[in-house]
Amino acid sequence: MFLIGNARSSSAAYSALLLNFIIFIVIAFFDTPLCLNILLLILPFKNTLMQYEISGVTLNQYSAGLIALTIVIFFKLLHRRLRYQFELLDLLMIAFAVFCLTFFYTSSDIIKSSRVYLHTVFLPFLSYVIIKIIITDKNKYISAKNHIIVSLFVFSVLSIVNWIGTGGRAGLEGANILAERSLLILTIFFLLSNRSLIQIPLVVTKFAAFVLGFSRSYLVSFVISPIFYYIFKRGYFRSCIILISFFSLIFTLTLAIWYSDKTQGIRKLEAEMQREYKDNYSQARMGVTRVTDLRQWEKRFYSSGSVWALDLKNFLDNSIIGSGIGDTYVTTNASSHNLHVQLLAYNGIIGYLLFHAIFILGFPRGIIKCKENVLNRDIIFFSILMMILYVNGITNGLFHGSFNKILFLAMGFSIALRNIILKTRIDN
């Protein structure tokens with residue numbers, strides 16, 4: 001079905017994208033949940049197999065499918081074949097999206113800002129809306145959940161095979177290693193909760209792929225995830241989020257101040273590690289020593305703190321509305337790799353508060369008592385995933401790559417499950 005991909009010339013890219021767009025339109029019109037499940041299947045591979053380069057903007061089948069599915073859903077909403085229930089969270093998302101779009105004029109690079117807006121605001125918000133509309137009962141949710149589990153199993157196997165052949169970090173060429181790790185964590189939680197011997201090979205495979213990614217922040221987050229589970233199971237969702245948000249902001253500012261001008265320190269570490277690893281230095285930076293060698297952690301603190309301090313100058317220059325999403329003083333990196341710095345520099349205080357209001361309201365107020373314990377448990381799992389993405393965002397950011405796509409995907413499922421539980425209680 002999906003034979004057209006990796007087109008680079010303008011005419012070929014337009015043709016390939018249009019063809020795949022039409023295919024998704026047809027599928028979505030006749031079977032909307034099936035179209036969503038197909039998108040979930042290709043989600044981990046969206047940057048690996050099929051991409052289209054158009055006017056400097058890279059698109060893929062996942063983004064084409066999301067837009068096609070949105071058009072069909074909008075058509076069905078107009079004809080009242082589907083329904084959508086607005087709530088405060090939706091209104092805040094609209095406000096944030098409009099705010100980011102409105103202040104494009106403050107950006108010094110409109111093309112770059114448009115690209116960042118598309119992939120970190122517009123498409124993630126679309127995924128949230130789509131899931132909230134489509135996942136309206138337990139059967140549709142279980143089907144979507146199984147597609148995620150299967151897709152991540154295939155991704156895990158291919159990642160391990162690639163690691164055996166190349167060494168370094170387990171993953172696929174072109175894929176966002178960190179973003180896919182978050183999905184692996186979610187499916188590991190799903191499988192472990194079933195307590196079935198049949199699931200053991202799946203769990204082992206996914207856990208191996210997860211560990212071999214050598215992501216420091218995700219490994220730490222995975223280790224402390226039982227603490228999040230304990231807190232969330234007792235219903236303390238939003239209070240936990242507020243505390244994490246506050247202390248992570250303090251950590252960010254402290255690191256930015258402490259390491260802002262210590263360039264000699266990072267150069268000394270670089271020279272020391274190069275002498276020790278010699279010809280294997282590049283591979284050592286990507287392998288197990290990323291986790292085991294504490295100098296690699298310290299080096300990351302040096303580089304992160306100095307970059308955060310540089311990008312916070314953006315915020316000080318335009319603290320209320322920011323410099324425009326995607327705009328940055330940092331020319332040697334794609335972004336400052338910190339969600340607090342990104343939000344403050346891009347969107348100022350207004351955007352920062354709006355985003356955090358969205359993030360906090362995306363978590364449930366508490367556990368809703370019902371007979372569907374599986375749904376309540378999965379809400380906790382999606383909440384843990386959102387929390388892990390946020391914690392990872394302290395050192396890797398959110399407004400680049402696929403982090404926000406997965407964050408709002410998880411938020412959409414969490415809200416959809418809450419609505420299913422409430423509907424089940426009313427029906428009973």
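## First stop: a cavity

Start by selecting Leu36, Leu39, Tyr62, Leu66, Ser127, Ile130, Ile131 and Leu409, the residues that line the second largest cavity. Keep in mind as you look that this is a predicted model. Now colour helix H2 (32-42), helix H3 (61-78) and helix H5 (110-134), the elements that each give two or more residues to this lining.

Which helix gives the largest share of the lining? Look at H5, which supplies 3 residues.

What kinds of residues face you here? By class, the lining has 7 nonpolar residues, 1 polar residue and no charged ones. The space inside the second largest cavity is about 30 Å³. A search of the whole structure finds 2 cavities of 30 Å³ or more.

## Second stop: a pair of helices

Next, clear your selection and pick helix H8 (residues 200-211) together with helix H9 (residues 216-233). Two packed helices are described by the angle between their axes and the distance between the axes. Turn the view until you can see both axes: they come within 10 Å and cross at roughly 135°. H8 and H9 are therefore oblique to each other.

Where do the two helices touch? Show the side chains of Phe207, Phe210 and Val211 in H8, then those of Tyr218, Leu219 and Phe222 in H9, because these are the residues that meet. The residues of this contact divide into 6 nonpolar, no polar and no charged.

Notes. Residues numbered from 1 in each chain as written. Predicted model: local features only at pLDDT ≥ 70, side-chain atom pairs only at ≥ 80, totals over all residues. Heavy atoms only, no water. Axes fitted to C-alpha atoms, helices over the stretch in contact; angles between N-to-C directions. Helix = DSSP H or I, 4+ residues; strand = E, 2+ residues; numbered from the N terminus. Parallel < 35°, antiparallel > 145°, perpendicular 65-115°, else oblique. Contact = heavy atoms within 4.5 Å. Nonpolar A, V, L, I, M, F, W, Y, C, P; charged D, E, K, R; others polar. 1 Å grid on protein atoms, 1.4 Å probe; cavity = no way out; pocket = protein on both sides within 12 Å on 5 of 7 lines; lining within 4 Å. Points joined across faces, edges and corners; volume = space filled by probe spheres on them.
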